[in-house]
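This report describes selected features of the structure shown below.

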Amino acid sequence: MTADATPSPVGRTGGPRVRGTAYPGYVAGKLGGAAVSLLAVLVTSFFLFRLIPGDPVKFMTGGRQVSAGQLASYRREFGLDLPLWEQFTDYCGKALTGDLGTSYQFRAPVMDKITEALPNTLLLTGTSFVLYTVIGVLLGTRAAWRNGGLGDRLHTGLALTLYSIPSFWLGLLLIIVFSVGIGPVPGLFPTGGMESGGEEGFAYVLDVAHHLVLPVVTLVAVEYGQTLLITRSALLDEMGGDYLTTARAKGLRDDLVRRRHAVPNALLPTMTLVFINLGRTVAGVILVETVFSWPGLGGLFYQALSVPDLPLVQGLFFVFATAVIVMNTLADLIYPLLDPRVGR
Amino acid sequence: MDRHDQHGTEGTVLRLLAAAGAALMLTAGLATPLDPAPRRAEAKDGEQVLTVAVAQSVDSLSPFLAARLVSTSVHRLMYEYLTNYDPKDNHAVPGLATEWEPSADKLTWTYTIRDDSKWSDGKQATAEDAAWTFNKMMTDEGAATAGGSFVANFEKVTAPSPTELVIELKKPQATMAALDVPIVPRHVWEKVDDFSEFNNDKSFPVVGNGPFILTDYKADSYVRLKSNKSFWRGAPKFDELVFKYYKDGDAAVAALRKGEVSFVSGLTPAQAAALKSRQDIAVNDAPGRRFYALAVNPGARARNGKKFGDGHESLLNQKVRRALFMAVDRRTVVDKVFQGHAVEGEGYIPPRFSAYFWKPADGQRIAYDPAGAARLLDEAGYRKNGDGRRVGKNGRPITYRVLCHATDPQDKAVGKYLQEWWGELGIGVSLDCRDNVSDPWLAGEYDLAFDGWSVNPDPDFVLSIHTCAALPATPKEIGATDNFICDEKYDELYDRQLAEYDAAKRADIVKQMESRLYDTGYMNVMAYPNAVEAYRTDQIASITKMPEAAGNIYGQDGYWSWWSAAPADGGGSSDGAGQTGVIIGIVAGVVVLAGLGAFFAVRRRATAEDRE
Amino acid sequence: MTTTDPDEPMAKAGRRALARQRRRASAVRFWTRYRTHRSGLLGLAALALFTLVALTAPLTVGSDVQSVTNAPGQPMESPSAEFPLGTDQFGRSLLGLVVWGSRVSLLVGLLAAVLSVAIGALIGITAGHFRGWFATVAMRITDWFLVMPTLVLAIVLATVLSRSLGTIVLAIGVTTWPTTARLVRAQTLAVEARPYIERARALGGGHWHVMSRHVLPNVMPLVLAQTTLIISSAILAEATLAFLGLGDPTVVSWGGLLQDAREAGAVSAGKWWYLVPPGVAIAVVALAFTLCGRAVESVLNPRLGVAR
């Protein structure tokens with residue numbers, strides 16, 4: 001059973017218990033499941049996007065006069081003249097070798113477009129992920145320990161509020177305040193993009209970091225709440241445990257009880273969900289990338305969809321779904337390793 | 001986070017990641033005070049850089065494939081065309097060709113190619129390059145993707161000498177001084193195998209002979225060009241030209257305010273109003289090249305006579321079209337939707353092209369008159385039913401499907417007005433907004449559609465798309481037609497103007513065509529939207545507009561704007577505002593550092609407690 | 001509990017009354033516990049306010065507020081006595097539009113959540129009840145939907161179908177149900193393991209009877225909590241899709257207003273009053289539903305320890 005990623009901030013904790021099962025067998029099972037999911041995604045991405053109205057060939061010709069012969073040659077070029085099932089087997093065969101077809105609008109291999117944009121998306125999501133996980137877990141632990149106290153209520157309240165704010169709206173407000181500048185306050189950060197261009201070496205790193213600040217702040221603000229709430233409820237769950245009472249009875253200080261016993265155990269479900277979240281953040285980054293003109297997968301996806309640039313949309317959808325599957329599987333695999341109740 | 005490392009290596013990894021993240025934020029925080037308002041157009045190693053904000057993605061950097069405005073604009077800068085257009089009045093002026101002459105039978109054109117244009121790799125640009133470019137487009141389908149229509153009427157193209165190019169035509173063609181085809185260096189492009197795949201974006205710099213040389217390109221990030229010091233017309237005044245991507249218009253405007261970019265186009269009325277109050281920014285509100293129209297589906301059909309699509313039957317009635325025309329208040333469209341940044345629509349070609357501009361005489365003019373529109377509809381037999389709705393011949397209330405571009409705010413705004421104006425008449429409007437309208441459009445499955453074309457100095461193209469010849473040969477094919485108009489009288493005029501080599505006479509025929517188009521009521525030109533742009537006066541001292549008196553800067557028919565742009569001297573960002581920027585930047589940096597310090601202090605305290 | 005016996009109408013009526021009484025008692029118990037959650041009450045109050053505003057909108061602002069031809073003000077006026085929140089690009093009152101837009105945003109959020117939870121509950125209950133191959137297939141599909149990136153899928157659906165409110169409801173509903181299905185299935189399995197279900201079966205209760213009379217009432221509280229939480233994300237999703245330009249452009253909604261504001265260049269022109277009210281409205285309503293949902297969850301499962 002895989003852990004659920006609830007869309008609600010109140011994460012349902014619960015993960016696989018693999019007591020008694022040999023780890024290698026468990027790994028094989030999980031990897032097999034992931035492979036099946038990947039295959040299912042591959043199939044869906046093919047058929048789902050055939051539903052999108054719009055003849056790609058008509059887009060490619062861009063309103064120019066085209067004879068029947070030319071149309072046929074376009075269709076041939078992109079394999080659109082074949083029967084659907086043949087297109088499908090062709091697509092699957094190529095996908096297995098890493099060839100996701102040729103983008104209609106860029107006339108370049110889909111794989112190239114994706115590998116071009118992927119590092120940018122990973123930089124943005126990776127940085128945000130690390131930050132919101134650290135902040136979420138730290139604050140969540142504090143909140144749980146002071147359950148019901150002012151600090152808890154403040155943290156939980158703030159997390160819930162930020163969680164309820166649309167990320168694109170927050171991004172726009174941040175641009176107004178910190179990029180455009182309000183009143184006498186000048187803009188401190190770039191308004192969009194990833195680099196000013198022309199910088200090299202360390203200056204380039206600084207430049208990218210400078211561009212990274214606002215998108216990362218936006219993502220962290222809307223995402224950390226979930227980690228905080230999950231950590232908090234997991235910890236509260238854990239603190240009801242008998243062994244904690246025992247530990248306290250042994251005369252251990254509260255702080256130590258928390259650090260040595262409660263937190264490590266509560267981190268298990270948290271880590272599971274955190275990994276699943278990472279997969280989802282990659283897909284959810286579309287909005288932030290749009291608002292901040294970040295040259296990543298999200299922007300590419302939106303652009304591809306409006307054409308519709310079927311091979312590119314398919315490829316991106318595949319990448320997004322793969323991110324979720326990989327993260328889910330990773331969570332499943334790491335879980336037993338982290339669980340102190342399972343002998344290793 | 002620092003306590004669960006006892007449970008495995010994952011903790012260590014996470015801690016490393018956390019450190020990396022913290023370091024990243026730290027550098028970002030440090031970068032802030034050091035660089036509060038990054039210099040852009042100012043000297044960088046003594047180089048003058050002009051940065052232009054763009055939003056449209058490059059479809060291809062190969063001149064044989066590119067169709068989008070941003071790509072063709074870059075090609076104008078990279079390659080010389082045979083001719084160019086005068087920035088004052090749009091007449092054809094020398095480009096790669098210095099002179100051009102038709103033969104007496106109008107079927108052979110001879111171009112003299114200049115001998116002072118060199119490719120950036122040092123080789124001479126010759127007539128041979130031009131002949132090769134045209135021949136490639138005539139023989140290789142992949143190379144005809146972008147400009148095939150220019151060579152469709154070509155019989156033969158030869159280069160008898162390095163300075164002489166001869167083009168033989170199948171029929172006379174008046175547009176031979178308006179061939180918008182980039183001439184590419186043969187010795188470079190000969191090596192390309194498949195023109196339908198080659199995007200010209202792998203090895204830099206790209207060999208060219210235009211005012212700028214393409215030195216770098218990163219999809220949706222930037223297009224970078226450096227000035228061509230040996231350009232025959234003289235080197236551009238800026239050393240470097242960068243098109244930088246801002247997918248979001250607001251971000252582009254914010255970047256302009258900060259001086260991150262020197263130029264932004266496509267401003268909304270609100271943005272233009274806000275920028276006008278700035279002293280260091282000039283807003284250019286110029287008559288545009290576009291017309292913005294409401295096109296009627298006149299019953300889609302193919303050249304073989306087959307009808308297709310499902311346009312509303314009532315629209316075949318000229319009175320109905322006229323009534324719809326009368327129930328659109330063009331003044332309000334200009335005042336409210338464009339908020340004054342447009343000119344009220346009249347004829348088909350915008351007034352900016354003064355030679356071809358035509359407007360209806362007083363008796364011919366269809367003015368806003370809702371009562372008259374209602375009368376016309378009654379006359380045409382489309383009367384109101386008990387619910388106040390007009391009913392069609394099939395007895396059902398009329399609701400027109402209006403195709404609109406989901407990405408165009410104007411379409412959606414005018415659509416709201418149409419709903420209310422035509423609603424008063426008893427006619428329903430359902431807005432069908434899509435990202436990509438080409439499917440229902442080409443299939444003729446719409447009633448009306450928002451339409452707009454950028455007009456070139458030579459109007460042939462925008463006129464040709466309303467001829468019967470532009471209809472698709474069969475319903476399965478795609479024609480060059482805009483909205484399936486096919487009118488004999490119009491076609492006859494079209495053929496006459498194409499064969500007329502006398503400019504004044506040709507212009508007169510073009511005006512007759514516009515008059516005919518107006519009377520049919522198929523195209524309701526509502527407005528000519530202005531080009532609303534802005535640039536920083538502390539970075540650009542002067543720039544040529546087209547037309548020179550009052551014209552646009554971005555998307556010109558030529559390279560005049562970027563070629564002529566002169567850098568302003570003095571540092572734009574070292575004024576008072578810049579100083580405040582530095583101070584506030586430092587304050588912000590200190591705050592960020594203090595925050596980080598507090599964060600680490602808390603951690604250290606926690607660790608210390610733990611050691612007990 | 002409510003085993004029915006078709007031969008004894010009198011007894012049946014009596015049992016029904018008893019059941020009704022029990023339900024009332026449990027509702028009272030629920031409310032007593034819910035009342036102790038201050039944030040839950042706050043959320044409920046906010047919701048009541050917004051519902052009132054939405055329902056009375058035809059009386060307070062009227063549908064005329066949408067009209068562009070009769071717009072009373074100038075484009076993008078700043079807040080004034082006449083227009084407390086300023087005007088939009090057509091000169092319409094923003095306060096009126098935000099009030100009017102609440103109808104669409106709340107309706108879409110509600111319908112999408114109901115659709116999502118209905119699908120989830122249906123699949124969850126049937127998969128939990130029938131077991132065997134049906135359950136396997138149903139749960140495989142659920143798992144598969146779970147790995148689909150929700151926003152991406154919703155965007156695709158909204159693109160495939162024509163631009164209308166129905167499309168948005170469908171796109172959100174169809175992509176968010178799997179979590180509910182999983183939770184409901186787990187609960188169903190737990191309920192069906194109880195001895196009285198065995199008894200009901202022995203007394204001749206069919207599948208429908210067991211599912212509708214025993215399982216459904218027991219998963220209802222869970223479904224209720226889930227609905228409340230999903231409405232919150234559905235309202236955010238509606239705003240997101242509208243913001244990406246996938247909504248119906250002729251309908252006034254909060255997300256649509258934000259999209260209008262952005263397209264009109266309000267951000268860089270510094271017309272903050274065009275941007276702030278719709279965003280605040282979205283955030284407040286989403287927060288209110290989340291608070292209510294958490295309170296309900298905490299009543300049902302006190303161990304979660306939601307702050308009081």
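## Secondary structure and nonpolar cores

Chain B contains 17 helices and 21 strands, where helices (H or I, at least four residues) and strands (E, at least two) are DSSP runs numbered from the N terminus. This is a predicted model, in which local features need pLDDT of at least 70, side-chain atom pairs count only at pLDDT 80 or more, and totals for chains, interfaces and linings use all residues. Residues are numbered from 1 along each chain as its sequence is written, while chains are lettered from A and ligands numbered from 1 in the order in which they are written.

Of the 612 residues in chain B, 50% are buried. A residue is buried if 20 or more other C-beta atoms lie within 10 Å of its own, exposed if 12 or fewer, and partly exposed in between, with C-beta atoms placed from the backbone. Contacts, defined by C-beta atoms within 7 Å, are counted in chain B between residues at least 6 apart in sequence, and 68% of these join residues at least 24 apart.

A nonpolar core is a set of buried Ala, Val, Leu, Ile, Met, Phe, Trp, Tyr and Cys residues joined through C-beta atoms within 7 Å. The largest has 267 residues, and A:Leu316, B:Ala53, B:Ala130 and C:Ala154 have the most contacts inside it. Helix 8 (residues 201-239) of chain A gives the largest share, 18 residues. Leaving aside residues up to four places away in sequence, B:Ala130 touches B:Leu82, B:Leu96, B:Ile113, B:Ala159, B:Leu165 and B:Ile183. A second, separate core of 76 residues includes B:Phe291, B:Phe338, B:Leu498 and B:Met526.

## Local detail and confidence in chain A

A:Val41 lies in helix 1 (residues 23-48) of chain A. This residue is buried because 22 other C-beta atoms lie within 10 Å. Not counting residues up to four places away in sequence, A:Val41 touches A:Phe318, A:Ala321 and A:Thr322.

The mean pLDDT of chain A is 76, and 78% of its residues reach 70 or more; pLDDT is the predictor's confidence in each residue, from 0 to 100. The table gives the helices of lowest and highest confidence in this chain.

| Helix of chain A | Mean pLDDT |
|---|---|
| Helix 2 (residues 56-60), lowest | 65 |
| Helix 5 (residues 110-145), highest | 88 |

Over residues 1-19 of chain A the pLDDT is below 50. Where pLDDT is low, the predicted coordinates should not be read in detail.

Conventions:
Contact = placed C-beta atoms within 7 Å.
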